[in-house]
Amino acid sequence: FCCGLEAANFVVSSGLLKLSWAKILDCYGGFNPDEIQNLGLSIKWKAHQQANINILVFTTSPICTKSHLQDSKQLVSSTAFKESFPVFEFLCNNGNSFSIHKAAIALFAAHFHELLQLKAECGRNSNSLIVTGHSLGGSVASLFTLWLLESLDISLAKRPLCLTFGSPLVGDKGFQQAISQHPAWNSCFLHVAATSKDSIPRLFIAPHDLNSMDLDSKSDDYKPFGTFLLCCEDGCTWSENPEAVSELLMAVETEDAGNEEWTINVYSRIIEQLESMIVRKGISQVNEPILNSLRAGTTLQTEAIRIRNEQLLIKKLEELEEICMFNKGKAFDPAKKLNVIKIKMAELEWYKKVAKGNETGYYDCYKKQLSRRDRDVIKHKKFLTNYWKEVVAQNERKPQKQLVYLRSRWLYAGTTYRRMVEPLDIADYYGDDGSNYVTNGRSHHYIKLEQWLEEDEKQSRFRIDTKKQNVDVILTDDSCFWAHVEEARLWCKSLKTADVGMISERVCLRQKLMEFEVYVMEQIKKYAVSSEIFLKGSSFMQWWKEYEMLIEPHHNSPLTDFIRNCKFQQYASGC
């Protein structure tokens with residue numbers, strides 16, 4: 001779904017909300033009021049198969065009530081269960097940590113082996129999946145859905161939809177942020193809360209002053225995630241802004257249900273009424289016209305759940321919405337810059353073509369920095385590098401299964417960028433008297449782009465025959481090729497100046513140069529190197545001149561034969 005409103009409207013209008021609640025009632029199967037006095041909780045689940053959809057229900061036995069949760073607000077840190085129960089370690093990207101409601105994670109861990117089998121069964125079924133639960137069972141449903149999402153190949157499988165009813169909040173701000181980093185995950189959760197009759201959804205929210213303009217929460221505060229459908233018997237509203245959800249939940253005066261059966265009936269009545277309603281946001285039916293669309297949306301939110309004339313709350317919600325919109329505007333979206341990226345790459349392609357016409361090659365043309373065009377390339381290189389560094393960093397924050405899908409979308413463009421731009425970075429590096437670029441100077445984002453290419457099995461479809469036909473225009477496969485050339489030139493210089501008595505050093509340098517010969521010839525045989533390296537003004541041909549002066553006249557190798565007999569002249573035509 002593109003937004004929470006779309007998700008809420010779909011599950012209500014399609015009958016999935018009513019169907020999911022009916023399966024929860026079936027799972028409870030006629031609870032025993034005497035059992036409720038027992039404070040020990042265990043988790044129950046039941047799978048239902050429909051024509052083209054499966055519904056997995058989580059509940060507790062006995063029914064989890066406010067009295068069960070009142071004194072169990074404690075959070076447990078991910079670092080605390082990292083060793084003993086690392087199931088959710090995948091959320092700890094870039095060293096961040098989070099905390100989960102202790103009672104929820106304890107129930108999950110207690111039934112881990114059964115849930116592991118259940119997860120495997122879900123993976124074998126191609127039907128759409130709804131994971132649903134009530135109260136603390138909803139918390140377990142959320143954790144189970146997250147666990148499924150981590151192992152899901154989203155390029156091949158349908159994402160599950162998690163619907164919870166009257167669920168307490170599951171984790172802290174770190175937990176909410178870890179999930180929100182993956183919009184595709186965050187949209188998989190829809191939480192229904194009967195705001196005026198059920199206090200459990202708001203139970204763990206720390207009270208605060210609405211007048212406060214401090215929007216930063218404490219690290220141990222619970223935070224909502226996903227979309228919330230906040231309902232009463234008069235209407236409903238939705239929000240996917242975690243701060244706004246917290247404010248709305250705290251602002252409603254909750255009339256605690258007299259018993260568990262009444263709480264259950266409240267959700268049954270609300271769901272029946274929702275089927276005849278339209279879930280709306282941004283349209284107000286108050287008597288006075290409201291010109292500000294943001295004010296209209298926040299006013300409707302407060303009206304829909306029996307909060308009228310709460311101007312302070314409306315002001316706070318507006319502020320939160322504006323901050324949310326601002327942050328979305330600041331958020332890095334690779335797709336939004338694609339056209340600019342294409343233009344920058346086209347500029348570099350043209351630069352490469354012009355440099356080749358000058359018998360120099362774009363690597364050496366850039367290294368010499370003789371014209372204004374060379375200096376303009378610096379700006380393009382900087383822009384492209386910043387862009388791809390952010391793309392790589394963003395993808396690294398995503399779970400492994402989702403990363404496979406994402407990098408397949410960007411891999412071709414990222415590889416072209418790396419092969420085009422990294423040689424320019426190499427030119428800058430050695431222009432500043434650097435050495436051993438591959439070990440000491442290479443940027444992390446180049447390493448990751450190359451690693452992802454090597455891991456991608458799809459690249460096996462590119463055959464040598466195809467490369468032979470395009471060798472005159474290709475980019476060199478190994479984006480570090482020019483670093484190896486520069487190192488070979490440094491070895492030639494060292495060999496030339498080394499004292500005759502330094503036998504071991506000279507032998508070592510000659511060995512390195514022979515290994516470089518082998519490396520270059522392997523690239524040539526695979527048609528993996530651009531024909532530009534043989535232009536008379538290139539650094540590679542400069543290396544050859546320097547190297548030829550150092551080797552014995554009788555020295556013979558595939559590369560020396562290739563160059564001395566001018567076979568490289570036919571290389572560009574694939575002969």
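These legends describe close-up views of a predicted model.

Residues are numbered from 1 along each chain as its sequence is written, and side-chain values use heavy atoms, with hydrogens and water left out. Local features need pLDDT of at least 70 and side-chain atom pairs count only at pLDDT 80 or more, while totals for chains, interfaces and linings use all residues.

**Figure 1. The chain as a whole has 24 helices and 11 strands.** Helices (H or I, at least four residues) and strands (E, at least two) are DSSP runs, numbered from the N terminus. The protein chain has 575 residues, and 51% of them are buried. Buried means under 20% relative accessible area, exposed over 50%, and partly exposed in between (1.4 Å probe, protein chains only). Take the contacts with a separation of 6 or more: 76% of them join residues 24 or more positions apart. Contact means heavy atoms within 4.5 Å.

**Figure 2. Helix α5 covers residues 112-124.** Its 13 residues reach 19 Å from first C-alpha to last, close to the 18 Å expected at 1.5 Å a residue. The expected span is 1.5 Å times one less than the number of residues. Phe 112, Leu 115, Leu 118, Lys 119 and Cys 122 are buried in α5. Seen down the axis, these buried residues fall within an arc of 115 degrees, so they line one face of α5. The arc is that of the directions from the helix axis to the C-beta atoms. An α-helix has 3.6 residues a turn, so residues three or four places apart point the same way. His 113, Gln 117 and Arg 124 are exposed on the other side of α5. The packing partners of the buried residues are β1 (42-49), β2 (53-61), α4 (102-110), β5 (128-134) and α6 (136-150).

**Figure 3. A cis peptide bond joins Ser 61 and Pro 62.** Omega is about 0 degrees. Pro 62 sits in the loop between β2 and α3 (66-69).

**Figure 4. Ser 246 is placed in helix α9 (residues 242-251).** Ser 246 is buried, with a relative accessible area of 4%. Not counting residues up to four places away in sequence, Ser 246 touches Ile 205, Lys 223 and Pro 224.

**Figure 5. Helix α13 (residues 338-357) has a buried side and an exposed side.** At 1.5 Å a residue, the 20 residues of α13 should span 28 Å, and the end C-alpha atoms are 29 Å apart, which agrees. Ile 341, Lys 344, Met 345, Leu 348, Tyr 351, Lys 352 and Ala 355 are the buried residues of α13. They cover an arc of only 110 degrees around the axis, which puts them on the same side of α13. Asn 339, Lys 342, Ile 343, Lys 353 and Gly 357 are exposed on the other side.

**Figure 6. Asp 433 has a positive phi of about 65 degrees although it is not a glycine.** Asp 433 lies in the loop between α16 (400-431) and α17 (437-440). Asp 433 is exposed, at a relative accessible area of 74%.

**Figure 7. Thr 476 lies in the loop between α19 (464-470) and α20 (481-497).** Thr 476 counts as buried at 10% relative accessibility. Leaving aside neighbours within four places in sequence, Thr 476 is in contact with Arg 419, Phe 481, Ala 528, Val 529 and Ser 530. Thr 476 and Gln 523 are 47 residues apart in sequence, yet 8.8 Å apart in space, C-alpha to C-alpha.

**Figure 8. Helix α21 (residues 503-525) crosses helix α22 (residues 539-548).** Their axes come within 13 Å and cross at roughly 140 degrees. That makes α21 oblique to α22. Axes are lines fitted to C-alpha atoms, for helices over the stretch in contact, and angles run from 0 to 180 degrees between N-to-C directions. Angles under 35 degrees count as roughly parallel, over 145 as roughly antiparallel, 65 to 115 as roughly perpendicular and the rest as oblique. The crossing of α21 past α22 is left-handed. Left-handed means that the near helix is turned anticlockwise from the far one by less than a right angle; clockwise is right-handed. From α21, Leu 513, Met 514, Phe 516, Glu 517 and Val 520 meet Phe 540, Trp 543 and Tyr 547 of α22.

**Figure 9. Tyr 527 is found in the loop between α21 and α22.** Tyr 527 has a positive phi of about 50 degrees although it is not a glycine. Tyr 527 is buried, with a relative accessible area of 12%.
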